[in-house]
Amino acid sequence: MKKLAIIGNGTYAKMMNMYIDMTGFGQVLFYVADKEYIYESKLDGTDVISFEELYERFSAEEVTLIMGIGYTQMGSVRKNIFEQCKARGYLFENYIHPTAIIASEAKIGEGNNILEAVIIEPGVTVGNANLFYGGVIIGHDSSIGDYNTFSVKAVTAGFVTVKNNCFFGVASALKNDIIIYDYVLIGAMACGYKDMEEHSVVVPAGSVVLKHKKSMDCLL
């Protein structure tokens with residue numbers, strides 16, 4: 001059984017521990033966090049240690065890492081920690097939920113978390129340390145960079161290029177054959193319909209409350 005350490009000790013890290021346990025993916029030995037952010041020595045019964053302790057006590061041959069850092073600061077925290085651990089020689093596991101469907105020729109990097117019912121179509125390349133929540137679809141021949149977050153049911157069409165450190169909200173969509181540059185945020189249910197410059201923010205049209213309608217008027 002794989003010996004794993006989850007990087008992080010917040011809500012997302014706890015969720016990844018749950019997925020690993022539910023799917024029998026491996027044995028989580030401990031969480032790892034910056035010393036200044038360790039407030040308790042255990043999290044849900046699992047030890048929490050500092051990076052210093054990881055480096056001193058466990059070699060890269062003894063433990064493999066799971067990314068447990070969420071989308072804080074558009075994935076910048078995740079990027080910094082990933083690069084720090086890689087510089088020390090540690091490997092990150094790709095967590096892939098058993099219900100995910102990944103085309104056999106898709107190329108997947110390192111440290112990605114691919115949760116339930118994700119579909120990665122033929123011709124797709126994925127970089128490192130991306131988070132794919134449940135129900136995400138990455139369309140054929142698309143290229144995904146590093147440190148991106150795809151929330152529940154986010155979808156790309158085909159031939160989409162996503163660079164690095166982007167965030168795609170719940171049920172967001174990207175049309176085909178566009179480029180999304182670094183640090184772009186596409187809000188929940190918004191559509192990326194053209195190339196997006198770095199640091200762009202896209203939000204959906206406002207939801208309108210129909211003041212003169214009742215729900216029963218609409219579903220007769």
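Lys14 is partly exposed, with a relative accessible area of 34%. Here buried means under 20% relative accessible area and exposed over 50%, with partly exposed in between (1.4 Å probe, protein chains only). The model is predicted, so local features need pLDDT of at least 70 and side-chain atom pairs count only at pLDDT 80 or more, while totals for chains, interfaces and linings use all residues. Residues are numbered from 1 along each chain as its sequence is written, and side-chain values use heavy atoms, with hydrogens and water left out.

The side chain of Lys14 meets that of Asp44 in a salt bridge, at 3.9 Å from N to O. A salt bridge requires a side-chain nitrogen of Lys or Arg within 4 Å of a carboxyl oxygen of Asp or Glu. The pair links distant parts of the chain: Lys14 belongs to helix H1, Asp44 to the loop between strand E3 (42-43) and strand E4 (46-50), 30 residues apart. Helices (H or I, at least four residues) and strands (E, at least two) are DSSP runs, numbered from the N terminus. Asp44 counts as exposed, at 59% relative accessibility.

By this rule there are 5 salt bridges. One of them joins Arg57 to Glu53, with the closest N and O atoms 2.4 Å apart. The two residues are 4 apart in helix H2 (residues 51-57), and so are separated by about one helical turn. Glu53 is partly exposed, at 27% relative accessibility. The side chains of Glu110 and Lys86 also form a salt bridge, at 2.8 Å from N to O. Glu110 lies in the loop between strand E8 (107-108) and strand E9 (113-114) and Lys86 in helix H3, so the pair ties together parts that are 24 residues apart in sequence. Glu110 is buried, at 17% relative accessibility. Lys86 is partly exposed, with a relative accessible area of 29%.

Helix H3 (residues 76-87) also holds Cys85. Cys85 is buried, with a relative accessible area of 0%. Leaving aside residues up to four places away in sequence, Cys85 touches Ile7, Phe51, Tyr55, Leu65, Tyr90 and Phe92. Contact means heavy atoms within 4.5 Å. Between Cys85 and Tyr55 the C-alpha to C-alpha distance is 9.1 Å, and the two are 30 residues apart in sequence. The ring of Tyr55 has the charged end of Arg88 over it, 4.1 Å from its centre. A charge sits over a ring if NZ of Lys or CZ of Arg is within 6 Å of the ring centre and within 35 degrees of the ring normal.

Strand E1 (residues 3-7) has 4 of its 5 residues buried, so it is largely enclosed by the rest of the structure. E1 pairs with strand E2 (residues 27-33) in the parallel sense over 5 bridges. Two strands pair if DSSP finds at least two bridges between them. Leu4 stands opposite Val28 in E2. E1 also runs parallel to strand E5 (residues 64-67), joined by 4 bridges. There Leu4 stands opposite Thr64. With helix H1 (residues 11-23), E1 and E2 make a right-handed β-α-β unit. Right-handed means that, with the strands pointing away from the viewer, the path from the first strand over the helix to the second runs clockwise.

A parallel open sheet contains 7 strands in the order E6-E9-E12-E15-E18-E21-E23. Strand E6 (95-96) and strand E23 (201-202) are the edges, each pairing on one side only. Within the sheet, 2 bridges join strand E15 (residues 149-150) to strand E18 (residues 167-168). Thr149 stands opposite Phe167 in E18.

The aromatic pairs number 11. Rings of Phe, Tyr and Trp (its six-membered ring) pair if their centres lie within 6.5 Å; planes under 30 degrees apart count as stacked, over 60 as edge-to-face and the rest as tilted. Phe25 and Tyr95 form an edge-to-face pair, 4.8 Å centre to centre with 65 degrees between the planes. This pair links distant parts of the chain, 70 residues apart: Phe25 in the loop between H1 and E2, Tyr95 in strand E6. Both residues are buried. Together with Tyr19, Phe25 and Tyr95 form one aromatic cluster. The charged end of Lys2 sits over the ring of Phe25, 4.2 Å from its centre.

Most residues other than glycine have a negative phi. Asp177 has a positive phi, near 60 degrees. Asp177 is in the loop between strand E19 (173-174) and strand E20 (179-180), and is exposed, with a relative accessible area of 57%. Phi of Met189 is also positive, near 65 degrees. Met189 is in the loop between strand E21 (185-186) and strand E22 (191-192), and is exposed, with a relative accessible area of 65%.
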